[in-house]
Amino acid sequence: MALSQNEVLVGLAEIVNEETGIDVESVQMGKSFTNDLDIDSISMMTIVVNAEEKFGVKIPDEEVKNLLTVGDAVNFITSAQG
Amino acid sequence: MNKKVVVTGLGATTPLGGDTKTSWQALLQGESGIKTLEYDWLSQHDIPVTFAGVAKVQPKDVLTLQETKRLDPSSQFAVIAAREAWADAGITDFVPERLAVEFATGIGGIWTLLDAYDTLKEKGPRRVLPMTVPMLMPNGPAAAIGMDLAARGGVRTAVSACASGTEAIANAIARLQTGEIDIVVAGGCEAAIHPLTISAFASMHALSRRNDEPARASRPYDINRDGFVMAEGAGAVVLETEEHALARGAKIYAELAGGYVTSDAHHITAPDPEGTGAARAVIGALNMAGAKPGDVAHINAHATSTSVGDVAEYQALKRVFGDDLKKIPVSATKSSTGHLLGGAGAIEAIFTILAIHEKVAPPTINLEDPDPEIDLDVVTSPRALGDNILAISNSFGFGGHNAVVVFRSYN
């Protein structure tokens, strides 16, 4: 069953927290991964791999560069769940 | 004129304790850190050896969740030991470009490597995590310490199997002697209690199979020894030029007076039965210390509890010390800790430093029926040492590596 946008946000925040230690509350839709959350490229790829696993979706490499904000990622995952 | 090198900080996490003091106290009390393993994989794979020296304090109880996710267990142990040594040294003001790291491992990030391969086989290449390479590389522990302490004077990794930890400490000496750098954090680590490693060592009949009596399995010099016991953890020392240590009013545990490596070129795993390569390492290290064999008052032996290795080391010592060998108290501390592979030399260096500093040689446990082929004065209960002494710590590794370090009382 497809998760709601908010459920994806909560799940993604957990992944970000586990990888980086950033509080789950700080992982908000408008936040930029690099500018606001200070996430480096290797952490970003780890988050992508873990998100694919957790949400059962495929996030193509060429798509990752478009996921600038948490909202971008949440929206992509939500729609990719089909 | 070479600068004198001194030891100003100690850190250890071992099967005997999560820090240096706890490990040392347990060692003096003759405790064993060897226990039956409680992992599911033992029965899953029907592993023939069911015990080892698991670290008394697991890294997840000390480090943050992110640190445990981004560092292989070997690096986790390394960082824990290095932080303790650094805090013990009490260095607050230093030049990062003059701080170096010499940190060894025998095997490297084997848990990361094999977990990642399992992931690849089960879930495909997209699930292999991007941190896999930096976590499995053998320079990972040294690099993690370098990042943690802001060491910009060079980060290097000795890899010489079970001689690695001692070689790393020996490698620190030259750059300190010239004054090129002020401080080195040196040591070694290992986290290889893995079904594959146990199976592989067991396959070459290197491991004790005393599954019913794990605490009595590591028994160097005993006639009934049947192999070594794998263990995990790390040891780290802070080394400084005497000049740098005195300028900041540091406490000094001992002088690191020499360190030397040789190689056997004899056999990939078997020690040279004549012990000539090992003997040359002892003599080389003593020469560097400006000392003679007769000056040595304590030996922390490599003594892994294998039938061939313990005799080969004895032959090497006999070659160096002759009839005087019987006058030197020898401690085989792997009897308590098990064999930390790349970490062994580091924790044994720490035990040697503390033996000098506390003026007591630690006991060798489980020596019930001494091997008549090995005529040594083995310390079996803590024994007083003199005020002004020289002590050596030996390590030998598969590949024919021989490494010896020499410590001297500092007054």
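# Helices, cavities and pockets

User: Is the crossing of helix 4 of chain B and helix 7 of chain B left-handed or right-handed?
Analyst: Heads-up: this is a predicted model, where local features need pLDDT of at least 70, side-chain atom pairs count only at pLDDT 80 or more, and totals for chains, interfaces and linings use all residues. Residues are numbered from 1 along each chain as its sequence is written, chains are lettered from A and ligands numbered from 1 in the order written, and side-chain values use heavy atoms, leaving out hydrogens and water. A crossing is right-handed if the near helix is turned clockwise from the far one by less than a right angle, and left-handed if anticlockwise. For helix 4 of chain B and helix 7 of chain B, the crossing is right-handed.

User: At what angle do the axes of helix 4 and helix 7 of chain B cross?
Analyst: Helices (H or I, at least four residues) and strands (E, at least two) are DSSP runs, numbered from the N terminus. Axes are lines fitted to C-alpha atoms, for helices over the stretch in contact, with angles from 0 to 180 degrees between N-to-C directions. The axes of helix 4 (residues 73-89) and helix 7 (residues 140-149) of chain B come within 9 Å, and they cross at roughly 40°.

User: Why do these helices get a label, and which one is it?
Analyst: Angles under 35 degrees are roughly parallel, over 145 roughly antiparallel, 65 to 115 roughly perpendicular, and the rest oblique. The crossing is at roughly 40°. So helix 4 of chain B and helix 7 of chain B are, to each other, oblique.

User: Which residues of helix 7 of chain B meet helix 4 of chain B?
Analyst: Contact here means heavy atoms within 4.5 Å. Helix 4 of chain B brings residues including B:Ala78, B:Ala82 and B:Trp86. Their partners in helix 7 of chain B are B:Gly140, B:Pro141, B:Ala144, B:Ile145, B:Asp148 and B:Leu149.

User: How much space lies in the largest cavity?
Analyst: On a 1 Å grid over the protein atoms alone, a cavity is a set of points where a 1.4 Å probe fits but cannot get out, a pocket is an open set with protein on both sides within 12 Å along at least five of seven lines, and lining residues have an atom within 4 Å of a point. Points are joined across faces, edges and corners, and a volume is the space filled by probe spheres set on them. The structure holds two cavities of 30 Å³ or more. In the largest, the space is about 40 Å³.

User: Which helix gives the largest share of the lining of the largest cavity?
Analyst: Among the lining residues are A:Met44, A:Ile47 and A:Val48. By class, the lining has nine nonpolar residues (Ala, Val, Leu, Ile, Met, Phe, Trp, Tyr, Cys and Pro), no charged ones (Asp, Glu, Lys and Arg) and no polar ones (the others, Gly among them). The largest share, four residues, comes from helix 2 of chain A.

User: Which helix gives the most to the lining of the largest pocket?
Analyst: That pocket has a volume of about 700 Å³. Among its 26 lining residues, A:Asn50, B:Lys69, B:Asp115, B:Leu129 and B:Met135 lie nearest its centre. With six residues, the one that gives the most is helix 5 of chain B.

User: How many polar residues line the second largest pocket?
Analyst: About 560 Å³ of space lies in this pocket. Its largest lining share, five residues, comes from helix 12 of chain B. The lining has 12 nonpolar and four charged residues, and the polar ones number 16.
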